[in-house]
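This report describes selected local features of a predicted model.

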Amino acid sequence: MSMSRAVAIAGPDGKLLLPNLMFDKLFGDTELLDLIAADARRNDGRSDRQIDLPDGRSFWVETIPMDDGWLVSAYDMSERLAKARIDTLTKLGNRLMFHERLAALLAKPDARAESMALLSIDLARFKAINESLGRNIADELLCRVADRIRSAVARGDIVARLESDKFAIVQTGQPQPQSAAALAGRLLDSIGRAYLLEGQLISTSAWVGIALFPAGATDCKQILKNANLALHRAKSDRQGTYRFFEQAMDERMQSRRNLEIDLRRALTQGEFALVYQPQLKLRTNRICGFEALLRWQCPTRGMVSPLEFIPVAEETGIITPIGEWVLRTACREAANWPGGRTVAVNVSAIQFASPNLVASILSALGEGGLDPRRLELEITESVLLDARGTALAMLQNLREIGVRVSLDDFGTGYSSLGYLRSFPFDKIKIDQSFVRGTATDAVGQAIVRAIASLGQSLGMETVAEGVETEEQMARVGSEGCTGIQGYLIGKPMPPEQIGSFLISRNET
């Protein structure tokens with residue numbers, strides 16, 4: 001047996017008979033020996049467990065029964081335990097250390113909750129940096145961020161990297177909430193400054209969520225949850241912001257979870273339906289197609305607005321199976337429309353992130369019996385921004401089989417002409433905010449005119465959305481738009497009403 005271990009022989013009465021020098025040095029505390037002896041007696045002389053000393057060191061102690069007493073062996077595991085609590089990349093504490101230190105802090109009888117705050121920190125754009133510049137640069141960025149966090153906190157604060165690009169701090173012994181707000185401000189300023197990594201200038205920013213400790217706080221998980229809810233709220237605002245936890249955030253998050261549960265059930269229970277809004281070609285004054293719009297009739301909530309459930313569906317990924325259902329349903333229902341009219345289906349950036357999107361569209365066309373030339377995919381600029389190049393390849397594949405592609409809500413985002421140069425869209429849809437202005441809205445009219453002129457020069461149709469009056473129709477037509485969509489032509493309607501709608505217009 002290695003003499004670097006603390007080894008001793010104890011008699012049946014627990015008294016030390018033959019210790020080695022290491023044992024004498026480490027376990028001179030007779031009270032601790034009494035604990036070892038008592039533990040051994042309870043287990044017929046055999047014991048195997050961790051013992052923590054008051055000075056913070058930890059030992060693994062083993063007792064083995066002998067004819068007249070037992071053999072005691074112990075080894076120092078303090079360094080091993082310390083390593084298990086350190087993040088190997090940044091050398092900050094890890095999640096285990098953070099939870100243990102937080103629990104120990106709250107367990108202190110003299111803990112002053114009113115002087116403490118928990119800050120949860122998340123980096124912006126870290127995934128994009130990791131994917132585009134590689135893991136080495138991403139890891140170095142995390143180390144630099146960790147250094148800046150260290151320089152911002154005070155002695156006694158607890159700092160840890162919880163996962164990937166997420167960090168946490170427990171601020172102690174400071175008047176709150178002003179100290180937490182000041183720390184959050186320092187963190188955002190420091191983290192947001194540029195980094196020079198392997199010759200490249202990298203920019204990022206952060207969000208911070210802050211939870212104050214209620215008087216008598218003992219629940220570590222609840223405090224961390226509150227900070228994460230505040231972080232979620234900060235991320236919904238803009239980059240480089242911090243938010244304090246408010247009880248309403250917890251209520252909103254619970255409401256969101258319930259909505260997510262209902263959304264998942266809705267797809268399996270057949271609660272979704274499509275309605276179709278007609279689109280008019282101005283030159284012929286005839287209906288050229290319909291846009292498919294999703295509706296959700298929930299048995300407990302009633303009719304749920306897409307503005308409420310679509311963002312949740314996109315954030316949780318449920319939009320992918322819902323989007324596939326929309327495609328299959330729209331292709332099947334549109335196959336029966338007369339005159340070869342098109343059906344437009346909105347496809348989100350989340351759906352374009354799926355490598356199976358093209359196959360899903362081809363399957364929907366085949367099962368529905370719809371000519372690919374009658375399907376039109378409506379995408380926004382976010383598809384081209386978020387998909388990092390993969391979207392263009394997918395769109396090219398779909399165009400080759402005849403599927404049409406339109407750029408929706410043009411004018412509301414980046415409105416980059418580079419998108420129009422990189423892909424030959426069939427149609428540009430002008431957002432209704434530029435259409436519904438009055439005849440004296442010179443700015444709105446100028447934007448409509450510019451987009452219509454751009455579309456004409458590029459050989460693309462231009463459709464004005466939200467047209468509700470004859471005056472608006474005449475105005476966008478005079479500015480050069482080739483088509484319109486809005487309540488003036490028709491409200492969204494269920495598929496069984498499309499036939500009668502066309503008949504009412506003397507169109508078949």
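**A residue in strand β21**

Glutamine 485 belongs to strand β21, which spans residues 483–485. With a relative accessible area of 3%, glutamine 485 is buried, because the limit for that class is under 20%. Leaving aside residues up to four places away in sequence, the contacts of glutamine 485 include Gln277, Pro278 and Gln279, together with Glu291 and Lys429. Glutamine 485 also touches the run Val463, Ala464, Glu465, Gly466 and Val467.

**Salt bridges**

The predicted model contains 29 salt bridges.

| Pair | N to O separation |
|---|---|
| Arginine 256 and glutamate 260 | 3.7 Å |
| Arginine 373 and aspartate 371 | 2.7 Å |
| Glutamate 507 and arginine 505 | 3.0 Å |

The partners in these pairs can be described by their accessibility. Glutamate 507 is buried, at a relative accessible area of 2%, whereas arginine 505 is partly exposed at 27%. Through shared partners, salt bridges link Arg256, Glu260, Arg264 and Glu315 into one network.

An α-helix has 3.6 residues a turn, so residues three or four places apart point the same way. Arginine 256 has a relative accessibility of 17% and therefore counts as buried, the limit being under 20%.

The pair of arginine 373 and aspartate 371 has another setting. Arginine 373 is exposed, with 57% relative accessibility, and aspartate 371 is partly exposed, with 28%.

**Helix α5 and its packing**

Helix α5 covers residues 126–133, and its buried residues are Phe126, Ala128 and Ile129. These residues lie on the same side of α5, because the arc they cover around the axis is only 160°. Which elements do the buried residues of α5 pack against? Their partners are strand β6 (117–123), helix α6 (135–152) and strand β10 (200–202). Just after α5 comes glycine 134, which adopts a positive phi of about 100°.

Conventions:
Residues are numbered from 1 along each chain as its sequence is written. This is a predicted model: local features need pLDDT of at least 70, side-chain atom pairs count only at pLDDT 80 or more; totals for chains, interfaces and linings use all residues. Side-chain values use heavy atoms; hydrogens and water are left out. A salt bridge is a side-chain nitrogen of Lys or Arg within 4 Å of a carboxyl oxygen of Asp or Glu. Buried means under 20% relative accessible area, exposed over 50%, partly exposed in between (1.4 Å probe, protein chains only). Helices (H or I, at least four residues) and strands (E, at least two) are DSSP runs, numbered from the N terminus. The arc is that of the directions from the helix axis to the C-beta atoms. Contact means heavy atoms within 4.5 Å.
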